[in-house]
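Okay, everyone, I've got one model to walk through today. Let me put it up on the screen.

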Amino acid sequence: MITADFAILPVGTKDTECKEYVTIAVQSIKNSGLNYQLTGMGTQIEAKNLEELYSAIAKAQEAIFETGIGRVYTVIKVDDRRDLENRTLDAKIDTVEKMLK
């Protein structure tokens with residue numbers, strides 16, 4: 001399982017509010033069928049392979065462009081771990097939660 005954390009930032013909006021753009025990007029990810037988790041600073045997703053991952057993020061970025069924005073800045077962090085099976089987003093959180101005292 002490949003996991004990623006990403007944020008898509010529209011550049012050149014009229015104000016500092018981004019909730020409408022975040023909603024559009026997250027809806028695109030939801031439509032992809034991939035498991036995702038929205039956080040206060042970005043969105044995390046799980047994919048079986050890099051093609052699936054990058055395709056979903058590219059579609060989310062394109063959805064922002066479709067609003068008329070002329071520039072989009074996207075930050076992507078990818079964890080492509082192949083030495084363990086099923087390293088889902090929840091599994092990673094569970095591992096740390098079990099270690100907390």
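So, the largest pocket: 17 residues line it, and the ones nearest its centre are Ala-7, Ile-8, Val-22, Met-41 and Gly-42. For the cut-offs, a pocket here is an open set of points on a 1 Å grid over the protein atoms alone, where a 1.4 Å probe fits, with protein on both sides within 12 Å along at least five of seven lines, and lining residues have an atom within 4 Å of a point. Rolling a probe the size of a water molecule over the atoms shows where empty space is left. The volume of the largest pocket comes to about 250 Å³, counted as the space filled by probe spheres set on the points, with points joined across faces, edges and corners.

Before going on, this is a predicted model: local features need pLDDT of at least 70 and side-chain atom pairs count only at pLDDT 80 or more, while totals for chains, interfaces and linings use all residues. Numbering runs from 1 along each chain as its sequence is written, and side-chain values use heavy atoms, leaving out hydrogens and water.

What classes of residue make up that lining? There are 13 nonpolar, four polar and no charged residues. Nonpolar means Ala, Val, Leu, Ile, Met, Phe, Trp, Tyr, Cys and Pro; charged means Asp, Glu, Lys and Arg; the others, Gly among them, count as polar. Strand E1 (2-11) and H1 each put at least two residues into the lining. Helices (H or I, at least four residues) and strands (E, at least two) are DSSP runs, numbered from the N terminus.

Now, H1 also packs with H2, residues 50-65: their axes come within 8 Å and cross at roughly 145 degrees. Those axes are lines fitted to C-alpha atoms over the stretch in contact, and the angle runs from 0 to 180 degrees between N-to-C directions. Residues in contact (heavy atoms within 4.5 Å) include Tyr-21, Ile-24 and Ser-28 from H1 and Ala-56, Ile-57 and Lys-59 from H2. By class, the residues of that contact split into nine nonpolar, two polar and one charged.

Let's zoom in on Ser-28, which sits in H1, residues 19-32. Is Ser-28 buried or exposed? Ser-28 counts as buried because its relative accessible area is 14%, and the cut-off for buried is under 20% with a 1.4 Å probe, protein chains only. Leaving aside residues up to four places away in sequence, Ser-28 touches Ala-56, Lys-59, Ala-60 and Ala-63.

Zooming out, the protein has three helices and four strands, in the order β-α-β-β-α-β-α.

Methods: Buried < 20%, exposed > 50% of the residue type's maximum accessible area, 1.4 Å probe, protein only.
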